[in-house]
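Here is a short report for a first look at one structure. Please keep the sequence and the model in view while you read.

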Amino acid sequence: MDTNIINHYFVIIIGGGIAGLSAARHLLLKMPQLAGKIAIIEPRSERRDNLDEDFKVGESTVEVSAMFFAKELELQNYLIENHPPKFSLQFHWPRETSKTDTIEDYYSTWAVKNPDIQAFQLNRCKIERDLLKMVIKQGACYYHGRVRNVDNLDNSDLKSIDVEILSEVESGKDFKLQQPIERITLTTDYIVDASGRNFTVGSRTDNILKDPKYLFGLDNASTWVRVKNTDKSLFDFHSQDVTCSWTYDTNHFFGPGYWIWMIPLERGSRDYSIGVSYHRDKIQPSQLNSLEKFMSFLENNQKLLYNVIKSGEIVDFHRWPKLAHTSKTFFSKNNWCVIGDAAAIFDPFYSTGMVMIAMEIECLTEMLRFKLANSTNDYIRRVEAFDKLIRCVTQINNHLIKDHSNHLGNASVMSWRIYFESATYFSILLPAYIGKYHLCPIFSDHFTADHENGLALRNELLATLDYANENSINIGFMDNHRGGQLFGDWSPTSSWDYDHALSLTKYGHKRLNLQKCLSWSNFYLSLIVCKLYYRVYGIKALWNSSFFKSLSFTTYRFSKFYFLSKLHSFNMIGVPNNDYYDKMQKDFKTYKYNQNDIIDWKY
């Protein structure tokens, strides 16, 4: 095959999955002048109809990723019309391990209200197929091919990519029947590696870290099926005690060393992705490497889910015997970055993968805006700041899974863990995203400087939970959806909007008072520390050094951010909460109503 240089692009995205396509759409929406200057290289056909390659596990968004897809990618109507709504994360532990036939056999944390920010369950095959059509219409160039080599990844020079163009195969035929038909070379100023576990850039730059010693000890795996036409009655909703659907939630079921997801894939049907994420110190991949073993595992440990699957038709079976990895570098000065699974994945427990994609892509667009304008210093400043920021946020997401193997099956310990982890997500990460603080290099500097202190606090809390777990101490069952368990009616998932950002529509850059959110977040974390340590140690907590260390940290941060919140409020005097609504109110001052002011028409 001859090699021909045919085109140069400002950006080449390697990988046409959800990360790569979302990056292309975001770049073209924010910088439409890039139409014709962005290319996507992907070995899968544009049709996206191959059962083995195109039909994915399913994806559950949370508030951050839902806002990214709905607002940043301008897909809100599309999501409403094409993908199931998601009301919350719900968690279930067997009351007795020997009896798991119905949902009444579980201790559960049920969503009690409709969400403040609507999230969605994504059918990955559908959204990738539709996004591909959208980005091609926007001006992205699509190459159905496979990357064979990439040059100049170790320097900032122009990149060249050797691409093997592939033939089409008939709909439904084996993906492996594709044949190489041509070799081409593409050149680019910037490479986005969204190639998933192909690690196109990572494998050529020694950038991937898979050893558990780099992952806070995480060594996990996953097995799953997709099933359609299940019996609706097995997991139906009849309770009058809550206001939202239980079916259109992401439901997690727990056991020792593992948890199982149940994600609806379509509206109006009972099609699900059901899979187990497990830790290899408790369960070996060889124990779950076939459909028969997986079904036997469910039948003996989570009979309700076994019955759901048996009531329908199994579409496919997949597994990852080695799940977690991360990267050394996320944004490189050598004009490349890694996003999505090509960058990191740990565990889908809190659906953090899509959160990371959202932040990575928004940072990428902000960086390339300066590169396109030839503002070199501003570009390099953001490369450095955003690389540190994404690395820190990635480590936090990794740390969320630390010691999961020992905690998952213990309803008391794990419910407490979910309770305080929900508090930090809703009161810190979500407001920071709404206020677009992650796009500010100065915020990145402050956030990364305080990063290790935050992990140290988490280590203290996890050690306390370890003690309770090892000594079989019942420290109560905490429901992260309900108020009335800590102080007043406060709830981790409902009481987070301390600055009234949603009602005041504070969506502009830094309009939201993040310092206020951080202040009150640490106030309630202080109360969580007091209650947790008392539940574990009783009155002896008063002379426990870990208790005083944790409480001192949270109370200091409460005071610090309380002062900074007042400073932010002072600096925002005279600045409107929302420019759009402020302009409408100003324009309305000239409005006059005349009841006789009607335009004549033919009648």
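In which strand does I14 lie? The sections below begin with that residue.

## About the model

This is a predicted model, in which local features need pLDDT of at least 70, side-chain atom pairs count only at pLDDT 80 or more, and totals for chains, interfaces and linings use all residues. Residues are numbered from 1 along each chain as its sequence is written, and side-chain values use heavy atoms, with hydrogens and water left out.

## Strand β1 and I14

I14 lies in strand β1, residues 3-14. Helices (H or I, at least four residues) and strands (E, at least two) are DSSP runs, numbered from the N terminus. I14 is buried, at 3% relative accessible area. Buried means under 20% relative accessible area, exposed means over 50%, and partly exposed is in between, with a 1.4 Å probe and protein chains only.

I14 has contacts beyond its neighbours within four places in sequence: I41, V147, I161, I191, V192, D193, A194, S195 and T200. Contact means heavy atoms within 4.5 Å. V192 is 178 residues from I14 along the chain, yet their C-alpha atoms are separated by 6.1 Å.

## Helices α1 and α9

Helix α1 (residues 18-30) packs on helix α9 (residues 352-372). The angle is about 40°, and the axes are 10 Å apart. Axes are lines fitted to C-alpha atoms, for helices over the stretch in contact; angles run from 0 to 180 degrees between N-to-C directions. The crossing is right-handed.

From α1, the contact uses I18, A19, S22, A23, H26, L27 and K30. From α9 come M354, I357, I361, E362, L364, T365 and L368. These residues divide into 9 nonpolar, 3 polar and 2 charged. Here Ala, Val, Leu, Ile, Met, Phe, Trp, Tyr, Cys and Pro count as nonpolar, Asp, Glu, Lys and Arg as charged, and the others, Gly among them, as polar.

α9 is mostly covered, with 18 of its 21 residues buried. Just after α9, N374 takes a positive phi of about 60°.

## Cysteines

How many disulfides does a search of the whole structure find? The search finds 0. A disulfide is a covalent bond between the sulfur atoms of two cysteines. Here the test is a pair of cysteine sulfur atoms within 2.5 Å.

C363 is in no disulfide. C337 is buried, at 0% relative accessible area. C363 is also buried, at 0%.

## Residues in other helices

N398 is found in helix α10, residues 376-399. N398 is buried, at 3% relative accessibility. Leaving aside neighbours within four places in sequence, N398 touches Y214, L215, F216, L218 and F346.

S427 lies in helix α12, residues 411-434. S427 is buried, at 1% relative accessibility. Not counting residues up to four places away in sequence, S427 touches W496, Y498, C517, L518 and S521.

L564 is in helix α16, residues 545-571. Its C-alpha atom is 13 Å from that of H446, 118 residues away along the chain.

Note on methods
Left-handed = near helix turned anticlockwise from the far one by under 90°.
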